[in-house]
Amino acid sequence: MRCAYRHIICYGLAGLIIGGLSGSLMAHPKASARFNHLNEQITAHPNNQALYLQRAWLFIMATHYDEAKTDLQHADEFGPSMHSRYYNGLIHNQQQQYLQALSYFNQALAVQANNTSVLNSRAQAYIGLNNHSAALSDYRKILQYTPAPQPSHYLDTAKLVLSISDYQQALSVIDEGILRLGLNPQLQQYAVGICVEYNDNRQALTRHESLATIMHNNPTWYVEYAELLINTMQWQAAKNALDHAQHLVAQRKPNLWLSQLNQTIQKQLLAVENYL
C-alpha cells in the first residue's frame with residue numbers, strides 16, 4: 001500500500017512541477033517528452049527503481065535538486081544503488097557541498113571502483129576541497145581505466161599537474177597523451193601554450209613545428225608560428241611565415257575573421273621588417 005501511495009504522491013508532484021520547470025528542460029522537446037513518459041511509466045510501474053533514477057537524472061539536468069533528491073529517496077527504498085549514490089554526489093557537487101559529495105562518490109566507487117564518471121566527479125570534489133593530489137590520483141585512474149581516452153582527459157590531468165607541479169611534469173602528461181593517441185593538435189597546442197607561458201621558446205617552437213603537416217593549410221598556424229619565430233629572433237623565417245599566412249588568407253572567401261587575421265599579419269610584418 002505504501003508503494004501505491006508513493007507513486008500517486010510523486011506523480012501529483014511531477015504534474016505540479018512540470019509547468020514550472022526551468023527552460024533548461026522545457027526548452028528541449030525531447031527532454032520534456034522523456035519527462036512525461038517517465039511520469040506515465042512510474043504511474044504504471046510504481047515499484048520500478050530504474051524509473052525513479054531516470055527521472056532523478058532529468059531533474060538534476062534541470063537543476064531541480066530537491067525533486068531529484070525525492071526521487072532518489074524513493075529509489076533507495078528498493079535497495080542500494082550505485083547510481084543513486086552517484087547522483088546524490090553530483091547534487092552536492094553542484095551545491096559546493098564537497099565533503100557530502102565525497103561521501104556519496106566513495107559509496108558509489110565501493111560498488112564500481114573503475115567507474116570513470118564517478119572518478120571524474122570525485123576529482124572535482126577534491127579540487128573543490130583543494131586536495132589536488134587526491135584529484136590527480138583520480139585523473140590517473142581515469143586514464144588507466146578508459147580504453148579509448150579523449151584528449152580532454154589528458155588536458156584535465158595536465159592542467160591539474162600544472163597547478164601543483166612544474167610545467168615539465170604537465171608537458172609529460174601531454175606527451176603521454178600524444179604517445180597514446182597520436183599527434184593531436186589540441187594536445188600539442190596546449191603544450192605550446194605552456195612553453196610560451198614559461199618562456200621555453202625553443203621547445204614551444206619545436207612543438208609547434210611538429211604540427212606543420214597537419215596544419216599546413218591553416219593561416220592561423222602560420223601567424224602563431226611567426227610569433228614563436230619572433231620570440232627566438234628569427235626575423236626572416238618569421239617574415240616567410242607571415243607571407244605564407246597572407247597567401248592562404250587571400251585564397252579564402254573574405255569574412256570578418258579573415259579580415260581581423262589579415263590585420264594581425266600586417267602589424268606583425270611591419271614589426272618584423274624593422275629587423276631585416
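Biologist: Which residues of α12 are buried?
Modeller: This is a predicted model, where local features need pLDDT of at least 70, side-chain atom pairs count only at pLDDT 80 or more, and totals for chains, interfaces and linings use all residues. Residues are numbered from 1 along each chain as its sequence is written, and side-chain values use heavy atoms, leaving out hydrogens and water. Taking buried as under 20% relative accessible area (1.4 Å probe, protein chains only), the α12 set is Leu 187, Gln 188, Ala 191, Val 192, Ile 194 and Cys 195.

Biologist: How many degrees of arc do they cover around the axis?
Modeller: The arc is taken from the directions from the helix axis to the C-beta atoms. These residues sit on the same side of α12, because their arc is only 160 degrees.

Biologist: What covers the buried residues of α12?
Modeller: Contact here means heavy atoms within 4.5 Å. By that test, the cover includes α10 (151–164), α11 (167–181), α13 (201–209) and α15 (219–231).

Biologist: How far apart are the end C-alpha atoms of α12?
Modeller: The expected span is 1.5 Å times one less than the number of residues. For the 13 residues of α12 (185–197) that gives 18 Å, and the model agrees: its end C-alpha atoms are separated by 18 Å.

Biologist: Where does pLDDT stay under 50?
Modeller: pLDDT is the predictor's confidence in each residue, from 0 to 100, and its mean over the protein chain is 89. Where it is low, the predicted coordinates should not be read in detail. The stretch under 50 is residues 1–20.

Definitions and conventions. Helix = DSSP H or I, 4+ residues; strand = E, 2+ residues; numbered from the N terminus. Buried < 20%, exposed > 50% of the residue type's maximum accessible area, 1.4 Å probe, protein only.
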